[in-house]
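User: I am new to this structure and would like a close look at a single part of it, the place where the two chains meet. Please take me through it step by step.

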Amino acid sequence: MTKRKIQMLWLGGFATITTLFLTSMVSVSAAPAKKAAAKKTDTMQIVRGAKAWKNNCSRCHNLRSPKELTDAEWDTSVAHMRVRANLAKADAEDIVAFLKASN
Amino acid sequence: MKNLLLGSSMMFIATLGATPSMAQIGEGLVSEGQISENLASQQLLARIISLEEELASLRTAVQQSTQNAAIAREKADIAVATVTKVETKIVKVEKKAKSATYSGSESDAKWHLAGYADVGFVGSNNASGNDSFVTGKFNPGFHFQYKDLLMFESELEFVTNSDGETTTELEYSQINLFLNDYATLVVGKFLSPIGQFQERLHPSWINKIQGAPAGFGHDGLQPTSDTGIQLRGSLPVGETRLAYTLMMGNGPRLTSESAVDTEGTGRDDNSNKSFGGRLGYFPTPNIEIGGSFLTAKVNSYMDPAAGLPFVPTGPTDSRYKLWGVDGAYTKGAIAARFEYLNSTRASLFTVTDDEPLGEIVPTLDMEAWYGQISYRLSNVGGSDFIKRLEPVIRYGQFRINGQDELAEENAQNRFNIGLNYWLSPTIVTKAGLEWRNSIVAGVDSETRYQFQVSYGF
């Protein structure tokens, strides 16, 4: 078996595993998506957001004041941190809700 | 009325009393019916008196209730007026908030300029080192987001080096595709997800000490970046969660000194992809435990200036393996961290300036670790100045076996103590001492005193 074929097998295997994983993730996320729709009227979201903000953001750096950024900037900043800090979407949304309520 | 009834009763009794002669005349003259009527009258009188007292009591109660009702009504009027005022204020604040937020808040596309910058001074007892002001770094970061679907983000690094030249590096430039609640696909040049320091702690406004731990900065064991794809996110595990990152990239390259360069490149020199990732687990919100790995093949370094046909006397590629563990405890004012990395590059044939005919370089083993504790004095004393202070201590080691020149230059124990003063949550001034003791015999040790001001924006 040539080196090129071995590499293609690696890539194919990685792509297959990734596809299977993503498919499972989509099905896993169906239930939380419904929760998210109902969550718009959940007044406890801000409380959850305050807790998630404290637990996750202070893990690496000082807690920034909610007044440092505008609501729109918090949207983008937290989206950046959702990737960097491996946050679940629900946690990121809760944090944004808290920051906007405290802004 | 009570008096009137009392008067009537007295007259009735007097009337009865005015006819004693009838009783005195003989027992038979007063009939039993008359006696019975008298008794009934007396009972009626007592009942009337009782009712009058009850009526008076009720009247008093009614008057008290009327007064209470008046007071309650007055209080209700005040409350209604207060609520009306608050509602008016809320409407004003909402209008003000809407006017203060730029139009991007409601648009599909939003952007944010972030980043950090630092300046400083470094002094040294080393004969070859000069005490110098350093320009530090300017790292602007750009975040562009489209709905909850996609984000492009990039960070540049501008540095003026010791020769006065300003260099520009693309730290990362990636597109994040939000697949679902728990997964994001990252494509482009990204910071290495190995360990904690490079991806999350290296910005100077986050890093508690002026520089990186030994082996964790540029030219160290810690991979800096890669170009490729990542799948990353977070999975719920009971009450806690698991953070995961899986990556595939162009991978590292061999340097002219037979070391491994882990800077992300725009082209894969050997078509062999690197695979790696990190898993992080949070048993409690204050504790994080992580494990990382990276594996790739590196090709032989062939000096492009030599221009000779070579006959390799050994393998022209070799496996590079890296693994590491990390942990962190962060609660309130205290932050304790630990990281360990270990890498091995197998032996292979290379052609360099020093060996124009080629040679087989031995296996290169490297390991680096550090432990760090910082404590913010926010709960100590009543002085606002003291509350902003943060002592920090860090000790680490970088060991290199298999490449003597690399070891002489970098293998060392590094001990830092520092005192930080936080002007705000994102602006810090740092003062510290750093002792660099070479592990290689015959290499001078060095003591540095360092100052830095950093601003994260």
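Analyst: What follows is a walk through the contact between the two chains, with the side of chain A described in detail.

The model is a predicted one, and in it 42 residues of chain A are in contact with 57 residues of chain B. Putting these two chains together buries an area of about 4400 Å² between them, and carbon and sulfur atoms give 57% of that area. Within chain A, the residues that lose the most area to chain B are Arg59(A), Arg84(A) and Asn86(A), which together account for 18% of what that side buries.

Turning to particular interactions, there are 19 residue pairs in polar contact between chain A and chain B, counting pairs in which both residues are at pLDDT 80 or more, and the count of salt bridges between the two chains is three. A salt bridge is found between Asp75(A) and Lys110(B), whose closest N and O atoms lie 2.6 Å apart.

As for the elements of chain A that take part, helix H1 (3-28), helix H2 (30-38), helix H3 (45-57) and helix H4 (71-84) each supply at least two residues of the side that touches chain B. The helix that gives the most to this side is H1(A), with twelve residues. Sorted by class, the side of chain A that touches chain B is made up of 19 nonpolar, 13 polar and ten charged residues.

Key. Residues are numbered from 1 along each chain as its sequence is written. Chains are lettered from A and ligands numbered from 1 in the order in which they are written. This is a predicted model: local features need pLDDT of at least 70, side-chain atom pairs count only at pLDDT 80 or more; totals for chains, interfaces and linings use all residues. Side-chain values use heavy atoms; hydrogens and water are left out. Contact means heavy atoms within 4.5 Å. Buried area is the accessible area (1.4 Å probe) that two parts lose on being put together, summed over both. A salt bridge is a side-chain nitrogen of Lys or Arg within 4 Å of a carboxyl oxygen of Asp or Glu. A polar contact is a pair of N or O atoms within 3.5 Å; within protein, one must be able to donate a hydrogen and the other to accept it, and residues adjacent in sequence count only if both atoms are side-chain atoms. Helices (H or I, at least four residues) and strands (E, at least two) are DSSP runs, numbered from the N terminus. Ala, Val, Leu, Ile, Met, Phe, Trp, Tyr, Cys and Pro count as nonpolar, Asp, Glu, Lys and Arg as charged, and the others, Gly among them, as polar.
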